[in-house]
Amino acid sequence: NNRMDYFKQALKSILNQTYTNIEIVVVEDGSNNVESYIEKLNLSNINYESIEKSGRCIAGNIGLRNATGDFNIFLDDDDLFFADHIEVLLNEIQKTNKLAVYSNVFEVKTEVLSKEPLIYNEHSYDVIYQQEFDRGLMWQKNYISIQSILFSRKLYLKYGGFDQELDNLEDWNLWTKYSLVDDFTYIDKTTSLYRVPYNNSVAESRQNELDSYYKKAIEKQ
């Protein structure tokens, strides 16, 4: 709820990609607010499903199940792709024949003044991680943002999707599974962004929640 403008921005960043052979799978968790907007767009490449409030992992797994392409990529509604994001990743994955490739992201500290209409101030653009693939390090911490990685559907068919017992750090768990045998390729180029709270107390609360899941995520490893 109250995220329509976020969704419109995210969707526009997909529709503006320089690589255009894209199937868009939208899973709306807990409402059907964007359904009428999607219908008005009248685009044949959008697959939409609304589900009862179930959480990120179930929504993500439904998205993976509904997708039909050779490669998959995620985008949360408050994150954005730059125009060449998918083209850069796809060119590299085809060139290297690896099953997954990821790039740098901007972490943007964002002060939200209003959600509908969406009004915000951006206070910083920080490139985080810039980490070459390292399997050992992957077992200790996540250095791949969820929207920064393009991966072959073969990995999903072999290892499955998100662990539905994890409400946080589920993407880290997924990359650990997907990289058990196969190396990933890293591109030192920033091609997307994700937003984090500018307010320190909100940011600390969010970080504390993630930290509380760290032990559980390690046990899953």
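In this predicted model, the lining of the largest cavity comprises 7 nonpolar residues, 6 polar residues and no charged residues. That cavity has a volume of about 60 Å³, and a search of the whole structure finds 1 cavity of 30 Å³ or more. Strand β5, which spans residues 100–115, gives the most to this lining, and β5 also pairs with strand β6 in the antiparallel sense and with strand β8 in the parallel sense.

**The cavity**

- The lining of the largest cavity is made of 13 residues, and those that lie nearest its centre are Ser 103, Asn 104, Ile 128, Tyr 129 and Tyr 143.
- Strand β5 contributes 4 residues to the lining of the largest cavity, the most of any element.
- Ser 103, one of the residues nearest the centre of the cavity, also has a bridge partner in β8, namely Ile 187.

**Strand pairing around β5**

- Strand β5 and strand β6 (residues 118–128) run antiparallel and are joined by 10 bridges, with Glu 111 standing opposite Asn 121 of β6.
- These two strands, β5 and β6, form a hairpin in which 2 residues lie between them.
- Pro 117 is found in the loop between β5 and β6, and the peptide bond that leads from Glu 116 to Pro 117 is cis, with omega near 0°.
- Strand β5 also pairs with β8, here in the parallel sense and over 10 bridges.

**Other strand pairs**

- Strand β8 (residues 185–197) is joined to strand β4 (residues 80–81) by 2 bridges, and these two strands run antiparallel; within this pair, Leu 80 stands opposite Leu 193 of β8.
- Strand β1 (residues 24–29) and strand β2 (residues 46–51) pair in the parallel sense over 6 bridges, and Asp 29 stands opposite Ile 51 in β2.

**The largest nonpolar core**

- The largest nonpolar core has 25 residues, of which Phe 74, Tyr 102, Ile 144, Phe 151, Trp 175, Tyr 178 and Phe 184 touch the most other members.
- The elements that give two or more residues to this core are the helices α3 (56–66), α5 (135–138), α6 (153–159), α7 (170–178) and α8 (200–220), together with the strands β5 and β7 (149–152).
- Helix α7 supplies the largest share of this core, with 4 residues.

**Positive phi values in two loops**

- Asn 97 lies in the loop between α4 (85–96) and β5, and its phi is near 60°, a positive value in a residue other than glycine.
- Because its relative accessible area is 65%, Asn 97 counts as exposed, the cut-off for that class being over 50%.
- Leu 169, found in the loop between α6 and α7, likewise has a phi near 60°, a positive value in a residue other than glycine.
- Leu 169 is buried because its relative accessible area is 17%, and buried here means under 20%.

- Although Arg 135 and Asp 183 are 48 residues apart along the chain, their C-alpha atoms are separated by 7.7 Å.
- Ser 212 has its place in helix α8, and it counts as exposed because its relative accessibility is 53%, where exposed means over 50%.
- Ser 212 and Val 101 are 111 residues apart in sequence, and the distance between them in space, from C-alpha to C-alpha, is 29 Å.

Conventions:
Residues numbered from 1 in each chain as written. Predicted model: local features only at pLDDT ≥ 70, side-chain atom pairs only at ≥ 80, totals over all residues. Heavy atoms only, no water. 1 Å grid on protein atoms, 1.4 Å probe; cavity = no way out; pocket = protein on both sides within 12 Å on 5 of 7 lines; lining within 4 Å. Points joined across faces, edges and corners; volume = space filled by probe spheres on them. Nonpolar A, V, L, I, M, F, W, Y, C, P; charged D, E, K, R; others polar. Pairing = 2+ DSSP bridges. Core = buried A, V, L, I, M, F, W, Y, C linked by side-chain atoms within 4.5 Å. Buried < 20%, exposed > 50% of the residue type's maximum accessible area, 1.4 Å probe, protein only.
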